[in-house]
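Reader: Please take me through this structure slowly, and tell me each time what rule stands behind the words you use.

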Amino acid sequence: MLFSIIVPVYNVELYLNECLTSILNQQYNDYEIILVDDGSIDNSGIMCDEFAKKNKDKCKVIHKINQGLISARRVGLKEAKGDYIIFVDSDDMIRSDMLKQLATTIKETSSDVIIYQWQNMDMNGNLLNYHSYLELPEGNINKEKIIETVLASSSLNSLCLKTCKRVLFDIDIDYSEFYYIQNAEDLLQSIPIFENAKTFTYIPESFYFYRTNPTSLTHKIGKNQYKNLDVVRPRLHKMIKRLNLNNQENQLTFFNTYLDCIFTTVVQVCSSNDKTKNNILEEISSYSKVHEAKKYLKDSKLGFKSKIILWLFYKKFYRLLYILIKLK
């Protein structure tokens, strides 16, 4: 079997049929569908069972207690039998020729990872004239270029925009300690892929149709969102060291992006109504990688006002910080 398509499902009864229909309508047939019902409390779980009953040769359903997106994807990975893994979120859709095009590319290149684009659609499934844009050359791309792109932006983070050989995943690793992570989950699980893969291919086609849904799994924001600063990006930094790609340029790129992540998080915390936000800022400032990033602030590519906000954060002038962000 060439492809395993893993679909985490949680309370998406309004969109699940469209998602699954887009998979069934593929112009290529060598694939399995693994539906992971992550404790849905609407009719999603029932819909999964009905779909699997009608498509016994294609589909398997796993029902589990609600533990979040990381958990659902990990469960799906353990059941996957395909040579390549594809993730599709249950409120999104894929283009009818996606698997056919991917199969052709795999036959021609045997690439470890195939990257592609997404196109936005509205809540009714109507395609919008908005696409992702990746600054990558079409065709085969060397690993160094991929790592540089990963360090510089979040454009390659999404698991839904890359088809990867199953052997690249750290399937046997227990990720339960990361279930609380509510931001950068995709990057967390992509790090082993970027580290283990040797060959990459980019197809500048929008195979994936992304629905902007504020209630979806990937848009839930909780109180632990800021904690990814102490987990995900630091793991990426360790990866470039293991790959011996921690040259000065990559170091600067990493910390420039990391400072931007810190800035975004600090603004979110300061703009919130959380009565404990002083304590949250104190916790963020205690993270070793956040402290290390301070020495790169002056030479970062952040704007002047952003640098001022981070300077106030590092100095712990929280009252002035709140005032400046309110005026921002």
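Reader: What is Phe3 in contact with, leaving aside its neighbours within four places in sequence?

Author: Phe3 is in contact (heavy atoms within 4.5 Å) with Tyr28, Asp30, Tyr31, Glu32, Gly82, Tyr84, Ile86, Leu99, Leu102, Ala103, Ile106 and Thr163. This is a predicted model, in which local features need pLDDT of at least 70 and side-chain atom pairs count only at pLDDT 80 or more, while totals for chains, interfaces and linings use all residues. Residues are numbered from 1 along each chain as its sequence is written, and side-chain values use heavy atoms, with hydrogens and water left out.

Reader: What makes Asp112 count as buried?

Author: Its relative accessible area is 10%, and buried means under 20% (exposed is over 50%, partly exposed in between, with a 1.4 Å probe and protein chains only), so Asp112 is buried. Asp112 lies in the loop between helix H4 (98-109) and strand E6; helices (H or I, at least four residues) and strands (E, at least two) are DSSP runs numbered from the N terminus. Not counting residues up to four places away in sequence, Asp112 touches Tyr84, Thr163, Cys164, Lys165, Leu168, Ala197, Lys198 and Thr199.

Reader: Why is Asn224 called buried?

Author: Asn224 has 17% relative accessibility, so it counts as buried. Asn224 is placed in the loop between E10 and H7 and, leaving aside its neighbours within four places in sequence, is in contact with Tyr180 and Gln182.

Reader: Which residues have the most contacts inside the largest nonpolar core?

Author: They are Phe3, Ile262, Phe313 and Leu321, in a core of 108 residues. Helix H8 (residues 248-271) gives the largest share of this core, ten residues. A nonpolar core is a set of buried Ala, Val, Leu, Ile, Met, Phe, Trp, Tyr and Cys residues joined through side-chain atoms within 4.5 Å.

Reader: Why is H5 called roughly parallel to H8?

Author: Helix H5 (residues 143-152) and H8 pack at an angle of about 30 degrees, with their axes 7 Å apart. Angles under 35 degrees count as roughly parallel (over 145 as roughly antiparallel, 65 to 115 as roughly perpendicular, the rest as oblique), so H5 is roughly parallel to H8. The contact is made by Glu148, Leu151 and Ala152 of H5 and by Asn250, Thr253, Phe254 and Thr257 of H8.

Reader: How do you know that H7 and H8 are roughly antiparallel to each other?

Author: H7 and H8 pack at an angle of about 180 degrees, with their axes 11 Å apart, and they are therefore roughly antiparallel. From H7 the contact takes Arg233, Pro234, Leu236 and His237, and from H8 it takes Gln251, Phe254, Phe255, Thr257, Tyr258 and Cys261.

Reader: Which residues of H5 are buried, and what covers them?

Author: The buried residues of H5 are Lys143, Ile146, Ile147, Thr149, Val150 and Leu151. Their cover includes strand E6 (113-121), strand E8 (139-141), helix H6 (185-196), strand E10 (200-211), helix H7 (232-242) and H8.

Reader: Which residues of helix H12 are buried, and what do they pack against?

Author: In helix H12 (residues 318-327) the buried residues are Tyr318, Leu321, Tyr322, Leu324 and Ile325, and the buried residues of H12 pack against H8, helix H9 (277-286) and helix H11 (304-315).

Key:
Axes are lines fitted to C-alpha atoms, for helices over the stretch in contact, and angles run from 0 to 180 degrees between N-to-C directions.
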